Amino acid sequence: MTRTVEPDLYAVLGVAPSATAEVITSAFRRLAWELRPDTRVDAVTAARFDEVRAAYETLRDPVRRAAYDRSHDRPSRPRHRAPSGAAAASPLSRLRYLFVPGGTAPEPPLRAGPVHWEPGERP
């Protein structure tokens, strides 16, 4: 039996293991622009784009990224210092959503985009 070697997802995107989410997204967008699956149709480019997309999907999600780091004996990203004052009083103060087992999933924040309105139309 041959064992396939899993590529280092950080190396696929060309970022350091301590890279922030913004750096990872920027690297993915740069590589996606270079590989352009809508204009470059060869098999090698398509395979490379799939590899880059899979690496980005894993590293952009904090839970999947932490699991990847643990499975590859890679230390987690460096932690920031705890804030001082009232914000440090509660460990739950940093949570955006609190998941309660058996409850429903939290609603994402509401986002409103530009509104298209034609003169003479009634809302």
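## About the model

This is a predicted model, in which local features need pLDDT of at least 70 and side-chain atom pairs count only at pLDDT 80 or more, while totals for chains, interfaces and linings use all residues. Residues are numbered from 1 along each chain as its sequence is written, and side-chain values use heavy atoms, with hydrogens and water left out.

## The nonpolar core

Let's start inside. A nonpolar core here is a set of buried Ala, Val, Leu, Ile, Met, Phe, Trp, Tyr and Cys residues joined through side-chain atoms within 4.5 Å. Buried means under 20% relative accessible area, exposed means over 50%, and partly exposed lies in between (1.4 Å probe, protein chains only). The largest such core has 18 residues, and Leu-13, Val-15, Ile-24, Phe-28, Val-52 and Leu-59 touch the most other members. Helix 1 (9–13), helix 2 (21–35) and helix 3 (43–60) each supply at least two residues of this core, with helix 2 giving the largest share, six residues. Helices (H or I, at least four residues) are DSSP runs, numbered from the N terminus, as are strands (E, at least two).

Leaving aside neighbours within four places in sequence, Ile-24 is in contact (heavy atoms within 4.5 Å) with Leu-13, Val-15, Ala-19, Tyr-56, Leu-59 and Arg-65. In soluble globular proteins, nonpolar side chains tend to be buried together.

## Aromatic pairs

Rings of Phe, Tyr and Trp (its six-membered ring) pair if their centres lie within 6.5 Å; planes under 30 degrees apart count as stacked, over 60 as edge-to-face and the rest as tilted. The count by this rule is two aromatic pairs. Tyr-10 and Tyr-68 make a tilted one, 6.0 Å centre to centre with 55° between the planes. Because Tyr-10 belongs to helix 1 and Tyr-68 to helix 4 (residues 62–71), this pair ties together parts that are 58 residues apart in sequence. Tyr-10 is buried at 1% relative accessible area, and Tyr-68 is buried at 5%.

Phe-28 and Tyr-56 are stacked, because their ring centres are 4.2 Å apart and their planes are at 10°. Phe-28 counts as buried at 15% relative accessibility, and so does Tyr-56 at 13%.

## Helix 3

How far apart are the end C-alpha atoms of helix 3? They are 26 Å apart, which agrees with the 26 Å that its 18 residues should span at 1.5 Å a residue; the expected span is 1.5 Å times one less than the number of residues. In helix 3, Thr-45, Phe-49, Val-52, Ala-55, Tyr-56, Thr-58 and Leu-59 are buried. The buried residues of this helix pack against helix 1, helix 2 and helix 4.

## Salt bridges

A salt bridge is a side-chain nitrogen of Lys or Arg within 4 Å of a carboxyl oxygen of Asp or Glu, and the count by this rule is four. In one of them, Glu-34 joins Arg-30, with the closest N and O atoms 3.7 Å apart. Both lie in helix 2, four residues apart, about one turn of the helix.

Arg-53 bridges to Asp-50 at 3.7 Å between the closest N and O atoms, and to Glu-57 at 3.4 Å. Salt bridges that share partners join Asp-50, Arg-53 and Glu-57 into one network. Arg-53 is partly exposed at 31% relative accessible area, Asp-50 is partly exposed at 38%, and Glu-57 is partly exposed at 29%.
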